[in-house]
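Please have the sequence and the model in view while reading.

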Amino acid sequence: MRNLDDGIQQASALIIDANANSRSLMAAQLRDLGVGNVRQTTRLRDARVILENKPYDIVLCDYHFEGSEQSGQQLLDELRREQLLPYSTVFVMVTGEATYAVVAEAAEAALDAYLIKPYTTASLAERLASARYRKRILKDIFEAIENEDFAKAADLCMKRFEARAPFWLYAARIGAELLLRLERHAEARKMYDAIIEAKTVPWARLGVARAELASGNLVAARRTLEVLIGDMPDHADSYDMMGRVQMEQGEVAAALETYRTAARLTPGCILRTQRCATLAFYAGEREEAVRLFERTMANGLKSKLFDPLGLVLLGLMRFDKKDSKGLAYAQDCLAQLGERTEDSVRLQRFDQVLRIIKALYGRQLAEALALTRDLSAQSERPDFDLEAATLLVALLVRLHAQDIQLEEMDVTITRLGLRYCVSKSSTELMVAMTERNEAAASELRDCHARIFGVAETAMRYSLRHEARRGVALLIEQGEQTRNAKLIDMASLVLQRHADKVADAPDLAQRIDELQARWVRPLGTALARNQRAVGGLALRTKAAA
């Protein structure tokens with residue numbers, strides 16, 4: 001059979017299938033079509049690691065894997081969400097008749113092609129040729145994205161959508177994703193509505209909720225998701241987004257139940273299992289958290305998708321249960337990860353937390369105190385995020401529970417609370433780490449109330465036409481507390497009333513300096529794992 005296209009001989013392919021006969025047939029078919037390099041693997045977990053470390057031009061993946069909790073579709077979803085597949089890769093799902101409807105629905109979103117068993121070499125050639133043709137047709141869009149010219153890419157997508165040019169639906173999805181990234185939320189919502197009107201697809205309805213959430217309308221986003229989940233109770237991405245909304249509203253228990261549902265729908269997904277385990281820890285469901293973290297370690301400890309925070313939380317739980325072997329194992333696993341990423345400040349902090357716990361377990365109190373005070377000193381740095389703050393709180397309350405008097409504990413808790421209690425969600429995460437230490441929990445909630453009291457006072461000034469006074473208060477308190485909510489609010493109020501504030505440029509410069517130094521992503525595991533839920537990953541050269 002003749003080659004598919006001019007570049008096929010330089011192409012590389014990966015076959016993922018547990019059946020030896022199927023793999024052999026696929027390999028022979030690809031070679032007949034001119035593919036120069038063909039590799040095979042039998043397990044999804046191995047395929048994930050392979051694709052994390054080397055890009056392939058073509059991937060042929062079976063949908064069903066006997067004895068595995070994960071399907072080929074779930075592997076694809078995970079790889080897309082974590083930006084581990086370049087746009088140039090053609091991902092073909094191979095399925096039996098029984099799963100055709102599931103795969104066909106997925107094909108409308110992110111899948112390049114699918115084949116129903118049994119199939120011929122001619123059918124495979126047709127699917128590959130069509131998918132590679134689409135990659136070439138949309139090349140200008142992909143190149144603009146990889147060069148981070150998102151505005152140009154969005155315009156190209158919208159033109160293709162409006163003209164109903166070839167591959168308009170796929171282009172529309174990319175365009176809406178770009179509009180969300182550009183914070184053009186109203187335009188993104190309009191695009192998703194137009195897609196729904198032209199062709200109802202679940203990802204477009206989820207996109208409406210994403211646009212509402214991005215614009216700060218939690219109530220509308222929740223209402224949209226409730227309807228979508230009611231209509232499509234097996235759509236896992238909808239539960240991911242609902243869990244995020246519930247966390248934003250400070251409903252930890254409700255979010256945990258939602259994430260449990262998402263994890264049950266996709267039991268082989270590392271990200272969802274980790275997210276569920278982390279939230280179970282925060283909600284006090286420690287036995288469930290241990291079980292889920294151990295499952296995650298068994299399925300993906302070597303994967304780039306594995307979040308090492310799980311090892312730290314597992315270490316804390318092993319300490320609480322007086323399990324020295326379990327604590328040592330968590331520390332050993334973290335050390336292995338550290339060897340692969342030696343320059344990671346996050347991993348270095350995780351290692352320090354486990355060393356403190358180990359020293360405390362061995363009653364090496366001087367070492368535990370010294371390391372804790374060092375970590376507390378690090379909390380004055382701009383790169384010390386909410387995740388690190390929650391771990392410091394966890395250490396402080398455990399030291400206190402061991403009757404170790406850390407004189408600065410109360411002051412440290414207050415300082416952390418004033419800086420990181422930017423929302424009900426972040427406050428509840430901090431409180432969850434206090435392990436029923438009522439004094440610490442009460443102080444953190446009081447810090448949250450104080451921050452919102454400052455915000456309300458500033459808004460009253462603004463409404464009384466004293467915007468300058470309100471901005472000054474927010475800047476002053478932002479400098480003292482380093483609270484990102486107050487600093488960002490100062491910027492918003494000043495922008496709204498800049499024409500009425502004589503020294504607006506000077507105030508803006510002070511705010512810019514504060515934002516550059518102290519306003520960072522919150523940096524929790526839950527936030528890290530929420531990459532474009534329900535959307536397409538926009539892979540740039542930097543991400544690659």
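## A loop with a cis peptide bond

Pro118 is located in the loop that runs between strand E5 (113-116) and helix H5 (121-137). The structure is a predicted model. In this model, a cis peptide bond links Lys117 to Pro118, with omega at about -10 degrees. Most peptide bonds are trans, and most residues other than glycine have a negative phi.

## Two loop residues with positive phi

Lys322 has a phi near 60 degrees, which is a positive value in a residue other than glycine. Lys322 belongs to the loop between helix H16 (309-320) and helix H17 (324-340). With a relative accessibility of 65%, above the 50% cut-off, Lys322 is classed as exposed.

Arg436 also shows a positive phi, near 65 degrees, and is likewise a residue other than glycine. Arg436 is exposed, its relative accessible area being 73%.

## Aromatic pairs

A pair of aromatic rings is described by the distance of the centres and the angle of the planes. Across the whole structure, a search finds 4 aromatic pairs. One of them joins Phe161 and Trp168: the ring centres are 5.9 Å apart and the planes stand at 50 degrees, so this pair is tilted. Phe161 counts as buried because its relative accessibility is 7%, under the cut-off of 20%.

Among these pairs is also that of Phe281 and Tyr282. Their ring centres are 6.1 Å apart and their planes are at 75 degrees, so the pair is edge-to-face. Phe281 is buried, at a relative accessible area of 0%, and Tyr282 is buried as well, at 7%.

## Overall fold and dimensions

The protein contains 27 helices and 5 strands. A compact globule of 544 residues would have a radius of gyration near 24 Å, and the value of 26 Å for the protein agrees with this. Along the principal axes, the C-alpha atoms fill a box of roughly 80 × 65 × 40 Å.

Of contacts between residues at least 6 apart in sequence, 65% join residues at least 24 apart.

## Burial, surface and charge

Buried residues account for 57% of the 544 residues.

Side chains with charge comprise 75 positive and 76 negative ones. The centres of these two sets lie 2 Å apart.

Technical notes
Residues numbered from 1 in each chain as written. Predicted model: local features only at pLDDT ≥ 70, side-chain atom pairs only at ≥ 80, totals over all residues. Heavy atoms only, no water. Helix = DSSP H or I, 4+ residues; strand = E, 2+ residues; numbered from the N terminus. Rg over C-alpha atoms; globule rule 2.2 N^0.38 Å. Buried < 20%, exposed > 50% of the residue type's maximum accessible area, 1.4 Å probe, protein only. Contact = heavy atoms within 4.5 Å. Lys, Arg positive; Asp, Glu negative; His and termini not counted. Charge placed at Lys NZ, Arg CZ, Asp CG, Glu CD. Phe/Tyr/Trp six-rings, centres within 6.5 Å; stacked < 30°, edge-to-face > 60°.
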